[in-house]
Structures are given as C-alpha cells and as structure tokens.
Amino acid sequence: MTSSQGSAMARVGEGDRESAVRRVREAYAEGHISHEEMDERLGRVLAATTHAELAAALEQLPAEDPGTTATIAAAGGRITRRGAWQVPRVLKVESAFGRVRLDLSRAVIAYPVVDIELSLGTGNASMTVPRDAIVEVGGLVTGWKDLRYRPRQPSRPGAPRIRISGALGYGRLKIRHAWR
C-alpha cells in the first residue's frame, strides 16, 4: 500500500470532521450549493469514517478560506490584546522596544491552527493561551533569555493549536495556560 492510499484510508478525526462541516455550511451560505445538497453532503460528512469518504463528500466545493493575516506593530511602548478579540489565522507581532501582552484565553479563535509570528527587539512578551490549547514553539529563536513555558497535559481532542515562531532579541517570552 502506498502512503497516499494509507492516508486516504486513515480514520477521520473530530477536527477534520468539524472542518468539513464548516466548509459545507460556508458553501451553502455563499450560494454555491442548494439546501438539499447541503443536507445530503452533511449526512455524508457525518457518516464518513475515512479521509477518502470525507474527500468524496467535499468534491467540487470551493476551496477552504486560508484565513486572514494581521500585523500588530509598534516602534516603542506596549502592545496589548485581551478580552473577546478575533484572532486571525496568522498574527504577526512586531515591536522594536517595549512589552507585548497577548491574552488568548477569552479570544475568539475560529481556526483549528493559529500561527503567531513574533519579531521583537528588546522587551519581554507574555502570552496567555486557552486552558486546553496545544502550543508549539519549535520555530522560535531567542537571543538572550530562554523561553518560559510548561506544557499542559492532556488537551482535549479538537483543541486549538497555536504555533509560535519568529525571533526575540533581548527579552523573554512567557507562555501560560489560562485557569479556566
């Protein structure tokens, strides 16, 4: 069996199923399919057990929206985001001097994977992520101080995945999970 056949026969996870349901609903909302076709496709998506069955249910639908990219930049001072704010698919944070504080604990995260790209000169950064979030920091380069992060175990299936990359000059990034 080739690797493409193996991946097509792999079992469907909840994240894949939720993404497929979202694609079918978006296609209906945008007028690409009728109500009857939406019902039929949703039934096939919910009954799918393999990726091949899921792909067949999504055939000829418009491609999924790759998401948005937003940049938050400041030469000096503070960058703060907290409360109920919409997190884009890719968030770029750039600061030459100053502190950065991102609180994602109550933010609206509409994508299963969010990429946060940091480009910080001097100053510390802190990030609060949802309690069940999966955080990946493999693409982060620190110049002066090490990253402070203790992964939380276990996360629920379908939890948001937050990938942090970029570079920190003189400062430290602290990441913590929210209490609730």
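Me: Hi! Which helix do Glu-37 and Arg-41 lie in, and how many residues apart are they?
Reply: Hello! This is a predicted model, and in it both residues lie in helix α3, which covers residues 35–47. They are 4 residues apart, about one turn of the helix.

Me: And what do their side chains form?
Reply: The side chains of Glu-37 and Arg-41 meet in a salt bridge, at 2.9 Å from N to O. In general, side chains of opposite charge can pair when their charged atoms come close.

Me: Is Arg-41 buried or exposed?
Reply: Arg-41 is buried, with a relative accessible area of 7%. Glu-37 has 28% relative accessibility, so it counts as partly exposed.

Me: New topic: how many salt bridges does the structure hold?
Reply: There are 5 salt bridges in the structure. One of them joins the side chains of Arg-89 and Asp-115, at 2.8 Å from N to O. That pair links distant parts of the chain: Arg-89 is in the loop between β3 and β4, while Asp-115 is in strand β7, 26 residues apart.

Me: Which residue does Asp-115 form a salt bridge with, at 2.7 Å?
Reply: That's Arg-163, with 2.7 Å between the closest N and O atoms. Arg-163 lies in strand β11 and Asp-115 in β7, so the pair ties together parts that are 48 residues apart in sequence.

Me: What links Arg-89, Asp-115 and Arg-163?
Reply: A network of salt bridges links these residues.

Me: Why does Asp-115 count as buried?
Reply: Because its relative accessibility is 15%, and buried means under 20%. Arg-89 is buried too, whereas Arg-163, at 30%, counts as partly exposed.

Methods
Residues are numbered from 1 along each chain as its sequence is written. This is a predicted model: local features need pLDDT of at least 70, side-chain atom pairs count only at pLDDT 80 or more; totals for chains, interfaces and linings use all residues. Side-chain values use heavy atoms; hydrogens and water are left out. A salt bridge is a side-chain nitrogen of Lys or Arg within 4 Å of a carboxyl oxygen of Asp or Glu. Helices (H or I, at least four residues) and strands (E, at least two) are DSSP runs, numbered from the N terminus. Buried means under 20% relative accessible area, exposed over 50%, partly exposed in between (1.4 Å probe, protein chains only).
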